[in-house]
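Have the sequence and the 3D view ready.

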Amino acid sequence: MWGSGCRPAGRLLAALRQLRRAGGVAERDPRFATVADADLQFFESMLGPAGVVTDPHELQPFNRDWMGKYEGASRVALKPKTTEQAAALLRHCNERRLAVVPQGGNTGLVGGSVPVFDEIVISTAAMNQVLGFDQVSGALTAQAGCILENLDNYVAERGYCMPLDLGAKGSCHIGGNVATNAGGLRLLRYGSLHGSVLGLEAVLADGTVLDLLTTLRKDNTGYDLKQLFIGSEGTLGLITAVAIHCPPRPLAVNVSYLAVPSFEAAQQVFVAAKRDLGEVLSAFEFLDRESLDITLRHLPGVKDPLPSCQAPFYLVVETSGSSAAHDSEKLERFLEDVMGQGLVLDGAVAQDSTQARQMWHLREGITEGLRHRGAIYKYDVSLPIPQMYRLVEDMRGRLAAAFPGQAGSASSSSGSSSGSSSSGSSSSSSSSSRDWPPICVAGYGHLGDGNLHLNISAPVYSEELRQQIEPFVYEWTASHRGSATNGAWTQCGMDGVEAAPAAQVDPQELSELAARALRVLLGAEHCWLPLSCLRLAVLGSTHDSRSKCLLELAVASLCDQGLVLRQGYGPLAALSVPDAALSKAEALAYSEFPDEGQLPLYSSSLAAAQHRGGGGGLVAAAHHRPGSCLRIARRLSSPRQFGHRPMSGIEKASGRRLGSKRSSGGSDDIVQQMQKKMRMQDGGGGGPFGGGGLQAMSP
């Protein structure tokens, strides 16, 4: 039907199998150009020789991630100092079709900030200036390349603190923190960056500068567009500056390290902490015995605060307030309460800032200890607190069954190693022979906000091991109504959906989903329909994660063929059938499909779909791997939609409205219902576009 006579769905499956055999790394997309000498000359004319890195040795830190797991082959890294320079670089790359990857401090653990192939790295390292600080409101404005710890030291001199604190604070950039919506150790006290970020400045893929750099705590004018960039991971543009609210720096800080007999007891201690410590509770972290043993054994200089206690779980509890006497009294009362109930087996309270730093070094050093042990499969998931540690236990049991005698608990064979390590000495390389079984599952994280860091530690990376972990970890998380806040899940999907094995893809099912999606979109004339609404219309209110993944693959394939336009990112991504493709779309949507399917579902952009965790995965939206800014340039809204007149700009840029339907098809009932829900019911008139309220939308 589409010229060649071959079966496109079959080509898609063949491409997926090739992706699987290649270990999850597809071929480079030939539609992107390669860097030429003329490009390098332009870059040097903009940045000077110091701002253009081409030496292979100097490029290594830009091409390799912190864990050494992912490595690209970029030939050039660019270090602009100003927003104007960044805009000129992106404009040039967009015109030349040169793929780029934004990079901050490159401290991420899932490979999102390093090239896949030879993409140009645009680093924010040279954008490291503080632009202003309001001593009264605590509003800090800084360029995106400022290191988090440096900013904290800067505001500390003025009596304030940064609202987030990470283990990588000595090297991570504030722009990268915002782009990944980093949580950190004190999210319990200060909340997420969605509340702390007051404004930002970003450069879109075509070089358009989006200036939202306000320092107002309250701004009800129009759409809050900055929220789209918080957590967008470089897919919408390059963040160049951030305005963030800094709270007053606490005058009194107490840190305690507690041993608890079970995860259930840890939860009860958390409830008691919220009740007894109240407003001064600033952090509540947990780590299991496996995390402790691995860190003590492999990270030099770490000491066990409770060397004589062999508990399965440990807690780090911090209070921050303005009165040392008041806070100490509350902490003492809290500790007496939980120890009297038998919820805490033993504990230690830091007597000075040095001991407090040692306790935090133990908690923050777990990732580095795991890295020294060998290969790590890391998953950062948010779950209901009662279910958090069940994932660790189920993963441990699954791997023990799959690899008898090779998978288990690090502490089960550690003997008294933790006691010897408590002296502060690091185990020598010979101690690795005592790390048996070689595959260990460790869990730690922010119990205060339900964020679990699941780690599978092994001597080397193994495809056999990865297949036992994925997609089980995603299916388990989805079945317990959790989410993956980073890791392979958000690295490979349009909407945070997990990968589905290529063997589970039925060409007929894929074709039928694409046809149903086209029928829904055709039924909404001149309408940008959100992806979440399309999913509800096609799959209904109850659907499994596999169907969700297949639908989004079908949508991505339709976009590649030009049958569907997509603007934006995530569940609010807007979809529509372009006028130029109406006839083809209608023919495919309302035709009968043979068993093998006839939709042109081969996704040429599958080459950009990097399921970083390894092979065997079917990605949901091939173009949108976080970090590939240019790859979605064709799907971004026009500059007017993100300009200074967002309301009228949306209407002019899209030319599409909600609330009408095509005579050729008619809309499904669910589409009409969702359109009604999305209108602002303001009395039947007076909306910005007439007809009553919000009549056009854009992501």
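## A buried aspartate

D29 is buried, with a relative accessible area of 5% (buried means under 20% relative accessible area, exposed over 50%, partly exposed in between, using a 1.4 Å probe and protein chains only). You will find D29 in the loop between α1 (8-21) and α2 (37-47); helices here are DSSP runs of H or I with at least four residues, numbered from the N terminus. The side chains of D29 and R31 are joined by a polar contact of 2.7 Å (a pair of N or O atoms within 3.5 Å, where one must be able to donate a hydrogen and the other to accept it).

## About the model

This is a predicted model, where local features need pLDDT of at least 70, side-chain atom pairs count only at pLDDT 80 or more, and totals for chains, interfaces and linings use all residues. Residues are numbered from 1 along each chain as its sequence is written, and side-chain values use heavy atoms, leaving out hydrogens and water.

## The largest core

The largest nonpolar core has 49 residues, and V269, F334, L399, L454 and I456 have the most contacts inside it. Such a core is a set of buried Ala, Val, Leu, Ile, Met, Phe, Trp, Tyr and Cys residues joined through side-chain atoms within 4.5 Å. Helix α10 (residues 263-276) gives this core its largest share, seven residues. Domain 3 (250-372) and domain 4 (374-410 + 437-494) both contribute residues, so the core lies between them; the domain bounds come from an automatic or database domain assignment.

## Another core

Apart from that core lies another, of 31 residues, including L513, V555, C559 and L582.

Methods:
Helix = DSSP H or I, 4+ residues; strand = E, 2+ residues; numbered from the N terminus.
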